[in-house]
Amino acid sequence: MRVHARSTALAASLVLALTAGPLVVPAVATSAPAEARSSTAPAPTGPDADALRAAVTGLPDADATAALVRVGGTDGVWRGSAGVHDLASGRAADPDARFRAGSTTKVVTAAAVLQLAAQHRIDLGTPVQHYLPGLFTRAFRPITVRQLLNHTSGIQAGDGWGDSFEAQYAHRFDTLTPEQVVRSAVAQGPEFRPGTKQDYLNINYTVLGLLIEKVTGQTYASVAERLVLRPAGMRDTYFPGTDPRIRGPHNHGYQKVTKADGTTEFVDVTEWNQADRFAAGDMISTTTDLERLLTALFRGRIVPPGPQLEEMFTVPAGIKGATYSAGLQRFAYEGRVYWVKSGSRYGYSAVVAGTRDLSRTLVYCVGATDAKGEDTNPVAQRIALAALK
């Protein structure tokens, strides 16, 4: 199975004009309360509070059960939350809730690798085969660490539990190890010659997680905590490993499923073993912590200012259509360049985005009811349009 982490939700939400059809909302959701709380700074160029409030009004609906939003930067500040903690009780969503942060984990992984590079423990131009001998077959040409960071390695995606939600849901408490995922990817051989194309895949960061462990002799989680989470002040962020639960305060996540009789069911997907996501997407966080991560990174408090930090803002040259750097994605909109990372796991869809000068930042988690679907979530679309205009 070709496993892509969803990476273009924010970009798509800004450039697509989607028209939502009639909503079919379960009875328990229609009677549940929704709340939107906000505060604005007096800056005239600040975020549009009215548009942001409107973006999250009316939750829960068929597309999302909750939304937690933080818009920040020197332009001004807005904070808001809406929706419910869970569909059964209908009580208000917790604005400080933890959630599955998906591929925003890659920002942490990239920062850890770049810190190790700044400490001269990893060389970005050295083939990963040097650090992890025996992992790749002779079918693979040398793949540099930098090519893993910017998704130009040519490694194909590894195996998962299946292509459908139903197949994956049946295995939600089972463990698929990162090593198993990498072995299945290597067995397929390369997709293309390293450095000639860019193909965003989790496998690149799964290998980077193994690299971190080999170089340091410690677990990925412990290194990420020491080098990134603690310095950034991310007190509510952790890596659950094989634990399917979300520890601490959290809102429930749901997947919308159409049953055989044509009716819609909302399946609670809050508990799920995500160990196979590893350094590519197995992080639990909060909007406050992700905002701290973005701010600390861009100010040079995690990766020291210099060539390593510049890797996060450098898209590989000479590759048609390339937009990914080390851990982030370049996106130009309304005369500004944003550096973005999105992440989605079933029940939760998150985004971190900011200008290099931190004049505008956006972090949100939407309780998307089809977080891994092909279409842009309408609630996420409204938030992005309101926050970044």
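The mean pLDDT of the protein chain is 90, and 89% of its residues reach 70 or more; pLDDT is the predictor's confidence in each residue, from 0 to 100. Residues 1–44 fall below 50 in pLDDT, and this stretch has 119 contacts in the model beyond near neighbours in sequence. Contact means heavy atoms within 4.5 Å. This is a predicted model, in which local features need pLDDT of at least 70 and side-chain atom pairs count only at pLDDT 80 or more, while totals for chains, interfaces and linings use all residues. Residues are numbered from 1 along each chain as its sequence is written, and side-chain values use heavy atoms, with hydrogens and water left out.

**The sheet**

- Six strands form an open sheet in the order E2-E1-E10-E9-E8-E7, with antiparallel pairing.
- E2 (78–83) and E7 (329–333) are the edge strands, each with a single partner, so one side of each has no neighbour in the sheet.
- From one strand to the next, the twist averages 20°.
- Helices (H or I, at least four residues) and strands (E, at least two) are DSSP runs, numbered from the N terminus.
- Two strands pair if DSSP finds at least two bridges between them.

**Strand pairs**

- E1 and E2 are antiparallel and share six bridges.
- Val-69 has Gly-80 in E2 as its bridge partner.
- The hairpin of E1 and E2 has five residues between the strands, and Gly-73 in this hairpin has a positive phi near 115°.
- E1 also pairs with E10, antiparallel, over seven bridges.
- On that side, Val-69 stands opposite Tyr-364 in E10.
- E8 (residues 336–345) and E9 (residues 348–355) run antiparallel and are joined by eight bridges.
- Ser-342 faces Val-351 of E9 as its opposite residue.
- In a regular strand the side chains alternate between the two faces of the sheet.

**Burial of the strands**

- Buried means under 20% relative accessible area, exposed means over 50%, and partly exposed lies in between (1.4 Å probe, protein chains only).
- E1 is mostly covered, with nine of its nine residues buried.
- E2 is mostly covered too, with five of its six residues buried.

- Helix H14 (residues 378–388) lies across E1, E7, E8 and E10, at about 165° to E10.
- For these angles, axes are lines fitted to C-alpha atoms, for helices over the stretch in contact, and angles run from 0 to 180 degrees between N-to-C directions.

**Helix H12**

- H12 has twelve residues and reaches 17 Å from first C-alpha to last, close to the expected 16 Å.
- The expected span of a helix is 1.5 Å times one less than its number of residues.
- Eleven of the twelve residues of H12 are buried.
- Among the buried residues of H12 are Asp-289, Glu-291, Leu-293, Leu-294 and Phe-298.
- An α-helix has 3.6 residues a turn, so residues three or four places apart point the same way.
- Gly-300 follows H12 and has a positive phi near 75°.

**Helix H4**

- H4 (residues 105–118) has 14 residues and should span 20 Å at 1.5 Å a residue; its end C-alpha atoms are 20 Å apart, which agrees.
- H4 is mostly covered, with 13 of its 14 residues buried.

**Backbone points to check by eye**

- His-120 is not a glycine, yet its phi is positive, about 65°.
- His-120 sits in the loop between H4 and helix H5 (128–131).
- His-120 counts as exposed, because its relative accessibility is 73%.
- His-151 also has a positive phi, near 65°, and is a residue other than glycine.
- His-151 lies in the loop between helix H6 (145–149) and helix H7 (165–170).
- His-151 is buried, with a relative accessible area of 2%.
- The peptide bond from Leu-59 to Pro-60 is cis, with omega near 5°.
- Pro-60 belongs to the loop between helix H3 (49–56) and E1.
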